Amino acid sequence: MTAPLYSIPGAPAGTSLVTPAALAEPARTVADILAQSQVESVMDELDRDLIGLAPVKTRIRDVAALLVIDKLRAQHGLAAQAPSLHMCFTGNPGTGKTTVALRMAEILHRLGYIRKGHVVSVTRDDLVGQYIGHTAPKTKEVLKKAMGGVLFIDEAYYLYRPENERDYGQEAIEILLQGMENQRDDLVVILAGYKDRMDTFFQSNPGMSSRIAHHLVFPDYDVVELLQIADRMLASTHYQFGVGAREAFDAYLQRRTVQPHFANARSVRNALDRARLRQASRLYADRESALSAEDLSTIAASDILASRVFANIEGDAP
């Protein structure tokens, strides 16, 4: 039987993974802290749930290692200022940035860096007001909600619009900078977006750049990785490729990845959803046949080949 968990005094209920034995005996080894925090299970989930992204996963493990060692240093009276863990995630849509942010928050929470481990995901509209005096309360309210966790700002470069003299994005940036500096031991801010636009944003906002300690680049997936992602997506919804269907989807990806507006895993999910629609229409048309579980869970090659991608029509083909 698993030993009951006890809360840390003063912390929100349910935030501690410390057992009575661990309370009596302080952690002395890396293994002790890993056992208490169970953080390795989160990193294992990240490895299992996300295809590829080896450099990203390595950096996350490095951050976890730093926090584990800091805990051991504290046991020897070698405590230092908490490291800054504000981050920037750059990459195209569908490369796993939001998923990694969620896992990162859980890791930081389990290792005691943040109190709650929740993620508040926002865009410019959640931070910037439409008139004088509107931006400050909006931004401060978002920061208040994010305290004790991670604030994930998607397409952060839209906060800065120098071409518009009446834009209030710069006010939001200044308030964010204050929060990132003054609450660094209770808040992690992750900025996300396209790499080239984020580079321009940092050049125009050196104060923000200096507060970002970790820059993680999320590469596009290749076709082999996208096929593996498709396999996992289908399995998670109790579907499978039928005879020749996986090869047809491979051919689909070879064409689709070079077309405009391809969004990696997101586009794979959309393509599979459309294949399911075609499968449903195909099965629905045959009203008199008894359908087996295999019939209902199999995507046929024809369900893939019906895509307009194979007709060489440009755009985000269905």
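# A tour of a helix crossing and some salt bridges

The crossing of helices H11 and H12 is right-handed. This is a predicted model, and the tour starts at that crossing.

**Stop 1: H11 and H12.** Select residues 223-236 for H11 and residues 245-256 for H12. The two helix axes come within 10 Å and cross at roughly 130°. An angle over 145 degrees would count as roughly antiparallel, and 65 to 115 as roughly perpendicular; H11 and H12 are therefore oblique to each other.

Now show the side chains where the helices meet. On H11, pick Val223, Leu226, Leu227, Gln228, Ala230 and Asp231. On H12, pick Arg246, Phe249, Asp250, Leu253 and Gln254. Colour these residues by class: the contact has six nonpolar, two polar and three charged residues.

**Stop 2: salt bridges.** How many salt bridges does the structure hold? There are 13. The next stops visit some of them.

**Stop 3: Asp44 and Arg61.** Asp44 belongs to helix H3 (residues 39-49) and Arg61 to helix H4 (residues 54-75), so the bridge ties together parts that are 17 residues apart in sequence. Asp44 has 42% relative accessibility and so counts as partly exposed. Arg61, at 31%, also counts as partly exposed.

**Stop 4: Arg124 and Asp167.** Select these two next; their side chains form a salt bridge with an N to O distance of 2.3 Å. Arg124 is in helix H6 (residues 124-127), while Asp167 is in the loop between strand E3 (150-154) and helix H8 (169-182), so this pair ties together parts that are 43 residues apart in sequence. Are the two residues buried or exposed? Both Arg124 and Asp167 are buried.

**Stop 5: Lys195 and Asp199.** With 42% relative accessibility, Lys195 counts as partly exposed. Asp199 has 31% and counts as partly exposed too.

**Stop 6: a network.** Finally, select Glu45, Arg48, Asp49 and Arg103 together. These residues are linked in a network of salt bridges.

Note on methods:
Residues are numbered from 1 along each chain as its sequence is written. This is a predicted model: local features need pLDDT of at least 70, side-chain atom pairs count only at pLDDT 80 or more; totals for chains, interfaces and linings use all residues. Side-chain values use heavy atoms; hydrogens and water are left out. Axes are lines fitted to C-alpha atoms, for helices over the stretch in contact, and angles run from 0 to 180 degrees between N-to-C directions. Helices (H or I, at least four residues) and strands (E, at least two) are DSSP runs, numbered from the N terminus. Angles under 35 degrees count as roughly parallel, over 145 as roughly antiparallel, 65 to 115 as roughly perpendicular and the rest as oblique. A crossing is left-handed if the near helix is turned anticlockwise from the far one by less than a right angle, and right-handed if clockwise. Contact means heavy atoms within 4.5 Å. Ala, Val, Leu, Ile, Met, Phe, Trp, Tyr, Cys and Pro count as nonpolar, Asp, Glu, Lys and Arg as charged, and the others, Gly among them, as polar. A salt bridge is a side-chain nitrogen of Lys or Arg within 4 Å of a carboxyl oxygen of Asp or Glu. Buried means under 20% relative accessible area, exposed over 50%, partly exposed in between (1.4 Å probe, protein chains only).
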